[in-house]
Structures are given as C-alpha cells and as structure tokens.
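Hello,

Here is the structure I said I would pass on. My notes on it follow below.

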Amino acid sequence: MISKDMKVSKLRNGAVIDHLAPGMAMKAIEFLGVRGADSLAIGMFFESKKMGRKDILKFENRQLSREEINKIAVMSPEATVCIIKDYHVVEKFTASLPHEIEGIIRCSNPKCITNNEKVATRFVVQEKEPLLVRCQYCERAMHGNEIEFV
Amino acid sequence: MKQDLAKFTGKDVISIRDFSADDILSILEYARKFENYKQPILQGRILATLFYEPSTRTKLSFESAMMSLGGSVLGFSEAGASSSAKGETVYDTAKMMDGYADVLVIRHPLEGAARRAAEAADIPVINGGDGANQHPTQTFLDLFTMLKTKGTLQDLHVGFLGDLKYGRTVHSLAEAMSHFRCHMYFIAPEMLRMPDHILGELKEKQIPYLETERLYDVSDKLDILYVTRIQRERFPDPLDYEKVKNVYILNEKLLEHVKPDLKVLHPLPRVNEIDTALDKYPQAEYFQQSKNGVTVRKALLSLVLGVRQ
C-alpha cells in the first residue's frame, strides 16, 4: 500500500508555514526567498479538514521574521506558523495582516506610477475582514479578490 | 478648533486625505488674510513648477501667488521640455529640485507621481494634479469659495454635475466635504458617474448622497452647484466622448429651477457646459472662485515655507 502522506523528515530547527491557501506556496517562496534555509519542503494541495486543500512549507534552519510572516497573511489570511527548535514546537501563531504592505501587491490602476516607473508598491490595510487595501501612491482602493501579487 | 499653524511648515500637500477637518478649517481661516495681500514675505524664496501636463490656472495662479509675496519662480510647462523626455524618473527630477528651489509644485499624468516626488525631495512638494487622482489645492480653493459665499461648510446641499468619473476635482472635493455633514447630489450620465470606491467611502461615513442623470430633479435643493467639464483628454475611447460631450449645457433657464442664493462653481476651463449668458448673474461664482485660487495658494506657500504673516 502506498501512503498518501508526503514523506518529509521532522525538522530539527526551522519554521513550518501551514494552512497556506492552496496554490500559494510558490508565491510565498518567491516572496520569502530560499536563501538561508538548508533545505525546503514544499507541499501543495494537501487535504485539510479546515480548508479542503492547503499548501505547506517547511524551512530547515531558516528563521522567519514577524514582518515576513505577517506579509504571508496578505496571500493567505489563515496561514499558521510553527517555530521549531530541537524537534519541538516552541512557538505557534497565526499570521496577522500588517498595517502597511510593501512590495508584494501590484496596483490594479494602470495609470498608477508604480506600474510605470520602478517604484515598490505600498498599500495600507484599511479593512481586514473583508480585506480592503489602498495604494499609497494613486489612492486606489482594492478588495481582497482584486489583489494580484507582484 | 484653533491649531498651531507651525505644524504645516515643511509639510507636503499631496492629497486632501492627509488633512483633517480641523486642518482644513485652519488653513481656510488663515487664507482669508491673503485676500488682496501683497507683501514680500517670501522674498528670496524660489518655487519650482514641474508641469508635465498643460495647465493655465493652476500654474499661473501659483506663479502669481509666489510673485505677489516677493518670491521667484522657475520650471517647465510640458514634459517634452524636461528630462522626462530622456527617460528621467519623477523621483530623480524632484530630488534634483532640492538644490534649485525651496518648494515645488508638480502636475503629472500618472497617479501617485506627486507622492513619489515628495518621497524624493526634502523641500515641500505640492500636488498640482496627478492624473485623475488628486488636486488638493483646487479642493482648498473650492472649499474656500463655499465658505466665503455660504459662511459655513456644514450641512450644505452640494450638487456635482458633469464628468464625475474622470474629474479629479470632484473626487477630492467629495472626500473633503464628507468631513462636514453635507448632502451630496451626483448628477452625471451613467458613463460618467462617480466611481464606486468613492461612493463606498461615503456610505461608510454615512454621508447622504443621491445619484441622478437629471439636474432638474434636484436643482431646487442645492446651495452649491459644482459644474465640471467633460474632459476629452481623459477618455480612452473618443467615441464615448462624442456621446456625452454636450449632455449638460447650463443657461439662464437654470435660474428658474434653483434657490436664489445658489452659487455655481466650476474649476475652469469651461468649454460649452456653462453658457456665457449666465456670467452676469450673482449665482455665477466661477471667476471669483478662480481668483480665490491665488489667495489660497499664497496661504499654502506661506504655510509650507513656514513664513507666516
């Protein structure tokens, strides 16, 4: 019988990002980068009681800053993070949206300066539920379902 | 509420959103001191005008304001006359101005360009219009005109007529008026109605508003009628412009359907949306409004440069 579980050895030290929205793992890696991790396990479209399907990332020997984790919340508001030390979960928390999001969302306004000159985007989170962000340059408001990542 | 005007020294004027109701009222009250005021309080100061798009009133009224306070002006009035034609970014051009001027005003077709310029420059940056987004000094002069003619900004019934989709002046003005419990009437053809994101904000703030295509449905309720030009240059499709360009033309017939003390405002330039026959009536406030632009810009230059009377 073939196991349906993905065979990934337990982490000694590092971080696990669980409950990523299905399909967002690659985008999250693109954003976080892989530099600094000794190994990285990527799981996509796993079955989840809570979400139906989910993605998971396991970073070995890679620390995640609170700021990085909170930005993951923009991509996936239900994401949870476990910090592992000596095979034990020493910290577990849910990502929370930062007040300001820099560099990861594309402005939907084609006439925004961020789509015409080399400028990192900046958005302020106006509402968390449902998500509403506003471009700090052209002031266009965008709902969660309109968000595209850079 | 009285505020310390020193808080505006060095401040950028990018968006009306950056100003609270108290800020707005303080600035308007201070601006009253600048009516017919000509003293060289800004002597030795230089204003840079970076105009990447054509402008008559904004550019000239800034220049007039600066010169009537004893300051000097340098700048350009089309993108082709600047290094942007060579590919220079807004950031670099604005950064360079730190060495050339004490304050800069920028008009640019891209939305957010003024905010970007403010990130680059250490000197105060004033937004003279960024695409269809903001034109805060126009908003200040519009509010100044309303306050001067009506004595208050509270509880006014304000009609916005014409191009409410692309018109940045109406977007900024509606946002600013939402501080003052106004009743707003948005009068526009379906194609040019006020954008949903602005209506959404008014709903959130529980500001009463009404949308209609027919002016005479609401004209007798209005204290202010703010008319805008249908702007050919903002239409992606010229055929759409042809469909709506003559949809509202105000003439003397309007006066039969309005309160006698209605004031008609217009940011100008007008094309044909207000018949010149209306100009002679006391309701026509748009040329005085334009003059108020110099007054308000004098006050803003004085405030951001920290040289007050």
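Of the contacts in chain A with a separation of 6 or more, 60% are between residues 24 or more positions apart. Two residues are in contact if their C-beta atoms, placed from the backbone, lie within 7 Å. This is a predicted model, in which local features need pLDDT of at least 70 and side-chain atom pairs count only at pLDDT 80 or more, while totals for chains, interfaces and linings use all residues. Residues are numbered from 1 along each chain as its sequence is written, and chains are lettered from A and ligands numbered from 1 in the order in which they are written.

Chain A contains 11 strands and 2 helices, in the order β-α-β-β-α-β-β-β-β-β-β-β-β from the N terminus. Helices (H or I, at least four residues) and strands (E, at least two) are DSSP runs, numbered from the N terminus. Along the principal axes, the C-alpha atoms of chain A fill a box of roughly 55 × 30 × 25 Å. Of the 150 residues in chain A, 34% are buried, meaning that 20 or more other C-beta atoms lie within 10 Å of the residue's own, with C-beta atoms placed from the backbone.

Chain A has two parts, domain 1 (14–94) and domain 2 (100–149); the bounds come from an automatic or database domain assignment. Their C-alpha centres lie 23 Å apart. Domain 1 of chain A puts 5 residues into the contact and domain 2 of chain A puts in 4. On the domain 1 side, α1 (25–32) and α2 (66–75) of chain A are the elements that give two or more residues, and α2(A) has the largest share, 3 residues. That side divides into 3 nonpolar, no polar and 2 charged residues. Here Ala, Val, Leu, Ile, Met, Phe, Trp, Tyr, Cys and Pro count as nonpolar, Asp, Glu, Lys and Arg as charged, and the others, Gly among them, as polar.

Between the chains, 14 residues of chain A meet 14 residues of chain B. The chain A side of this contact consists of 7 nonpolar, 4 polar and 3 charged residues.

In chain B, helix α3 (residues 90–97) has Val90(B), Thr93(B), Ala94(B) and Met97(B) buried. They lie on the same side of α3(B) because they cover an arc of only 95° around the axis, the arc being that of the directions from the helix axis to the C-beta atoms. The buried residues of α3(B) pack against β1 (46–51), β3 (103–108), α4 (113–120) and β4 (125–130) of chain B.

Regards

Key. A residue is buried if 20 or more other C-beta atoms lie within 10 Å of its own, exposed if 12 or fewer, and partly exposed in between; C-beta atoms are placed from the backbone.
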